[in-house]
Amino acid sequence: MNWTISGDVFVGYNKMHRKYWVVDEIFNAKSKYYTYGIGVKNELSKNFRLSEDFSLKPYVALNLEYGRIFKIREKSGEMKLEVKEKDYISISPEVGTELAYRHYFGRKTLRTGLSVAYKKTNMIEDINYCITLLSIVNKKFKKVFLKM
C-alpha cells in the first residue's frame, strides 16, 4: 500500500470569446482574465505487477484546491459582461486505476500509462446546498411546532 501526497501551483492567462444568440442575431464578446491557485492531492494506491513490463495501480484520492479568478471584464461586444473576482475552494474525491507500461533501455526508461478515473466535482456546492436545505427545513419545523 502506498500513500502519496503531491502538490501543484498554477497561474493562468485566459482568453474568452463568448457568442450568444438573441432572436435572429448573433452577438460576440471578448475578454481576458487571470487565475492562480494551489492544490494538494492525497492518494492511497496499491501496485500490482502483471508482467515484467506491465503493472496495474488502483487508487483512491482526495484533491484539495484553492484558487482565485480575477475580474472578468469584456472590452468588446454589444452587451459587455462584468464578473467580480472570486476565490474558490474545491474538494473532490477520486477513484481510479492506471495501467502502466515500463521498458528499460540500458540506463534509460520509457514509461507510459493509461488511466481511468471517476472524480466527483463541486462537492463544496453540494455541501452548501445541503446546509441550505437543512436550515430551510429547520425553520419550517420551528414554525410548525411553535404554532402547536
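Select Tyr13: this residue is partly exposed, with a relative accessible area of 43%. Partly exposed lies between buried, under 20% relative accessible area, and exposed, over 50% (1.4 Å probe, protein chains only).

The model is predicted: local features need pLDDT of at least 70, side-chain atom pairs count only at pLDDT 80 or more, and totals for chains, interfaces and linings use all residues. Residues are numbered from 1 along each chain as its sequence is written, and side-chain values use heavy atoms, without hydrogens and water.

Now look for ring pairs. Rings of Phe, Tyr and Trp (its six-membered ring) pair if their centres lie within 6.5 Å; planes under 30 degrees apart are stacked, over 60 edge-to-face, the rest tilted. The count is three aromatic pairs. Tyr13 lies in strand E1 (residues 2–22) and Tyr34 in strand E2, so the pair ties together parts 21 residues apart in sequence. Strands are DSSP runs of at least two residues, numbered from the N terminus. Tyr34 is partly exposed, at 48%.

Next, select Phe54 and Tyr101. Their ring centres are 5.0 Å apart and their planes are at 50°, so this pair is tilted. Phe54 is in strand E4 (residues 54–69), Tyr101 in strand E8 (residues 86–105).

Go to Ser31, in strand E2 (residues 25–45). Is Ser31 buried or exposed? Ser31 is buried, at 5% relative accessible area. Beyond its neighbours within four places in sequence, its contacts (heavy atoms within 4.5 Å) include Met16 and Ile72.

Terms used:
Helices (H or I, at least four residues) and strands (E, at least two) are DSSP runs, numbered from the N terminus.
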